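Good morning, and thank you for coming. I would like to take a few minutes to go through one protein model with you.

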Amino acid sequence: MAADRLTDREQQALRGIESALDRDRALRRRLGLLGVRFRLPGRPTGARVLALCGLASLGLLILGVVTASPAAIWAFAVCWPLTVGIGFLALRRCMGAGRSRPPRPFV
């Protein structure tokens, strides 16, 4: 047996501890307040949506400038604010804003 491996008894004890921690709601709440987030792997992010909106806005901008079509200009006018809004939300999430924090004092 290698020195870095756990015995069967230790592995069973570790599984029991992990399952007890997974059921602890108060611990999950406290860890959430500290900023520790548990994410599932492969969870889709808003980066793809932001990239698609940005490409659509850029395409509509180029189309509107080249053709001077009112429809393309209006489509860009609708798509661009959506892109900016999605970008703002993605930046806010990336910076960690929106988490529950204790209130600041009025001093």
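First, the basis of the values. This is a predicted model, in which local features need pLDDT of at least 70 and side-chain atom pairs count only at pLDDT 80 or more, while totals for chains, interfaces and linings use all residues. Residues are numbered from 1 along each chain as its sequence is written, and side-chain values use heavy atoms, with hydrogens and water left out.

Of the 107 residues, 7% are buried; buried means under 20% relative accessible area, exposed means over 50%, and partly exposed lies in between, with a 1.4 Å probe and protein chains only. The protein exposes about 9600 Å², of which carbon and sulfur atoms supply 65%. Accessible areas come from the Shrake-Rupley method with a 1.4 Å probe, and for residues only the protein chains shown count as cover. Contact means heavy atoms within 4.5 Å. Among contacts between residues at least 6 apart in sequence, 42% join residues at least 24 apart.

Let us now consider helix 4. It has 26 residues and reaches 38 Å from its first C-alpha to its last, close to the 38 Å expected at 1.5 Å a residue; the expected span is 1.5 Å times one less than the number of residues. Which residues of helix 4 are buried? They are Ala-72, Cys-79 and Thr-83, and these buried residues pack against helix 3.

From the side of helix 3, Ser-57 belongs to that helix and counts as buried, at 2% relative accessibility. Leaving aside neighbours within four places in sequence, Ser-57 is in contact with Phe-76, Cys-79, Trp-80 and Thr-83.

Two of those partners bring us to the aromatic rings. Rings of Phe, Tyr and Trp (its six-membered ring) pair if their centres lie within 6.5 Å; planes under 30 degrees apart count as stacked, over 60 as edge-to-face and the rest as tilted. By this rule the count comes to 1 aromatic pair. The ring centres of Phe-76 and Trp-80 are 6.1 Å apart and the planes lie at 20°, so the pair is stacked. Both residues lie in helix 4 (residues 70–95), 4 residues apart, about one turn of the helix. Trp-80 is partly exposed, with a relative accessible area of 43%.

Leu-58 sits in helix 3 (residues 47–67) and is partly exposed, at 46% relative accessible area. The C-alpha atoms of Leu-58 and Phe-76, 18 residues apart along the chain, are separated by 8.3 Å. Val-66, in helix 3, is exposed, with a relative accessible area of 66%.

Finally, Ala-68 lies in the loop between helix 3 and helix 4. Ala-68 has a positive phi of about 55° although it is not a glycine, and it is exposed, with a relative accessible area of 54%.

Technical notes:
Helices (H or I, at least four residues) and strands (E, at least two) are DSSP runs, numbered from the N terminus.
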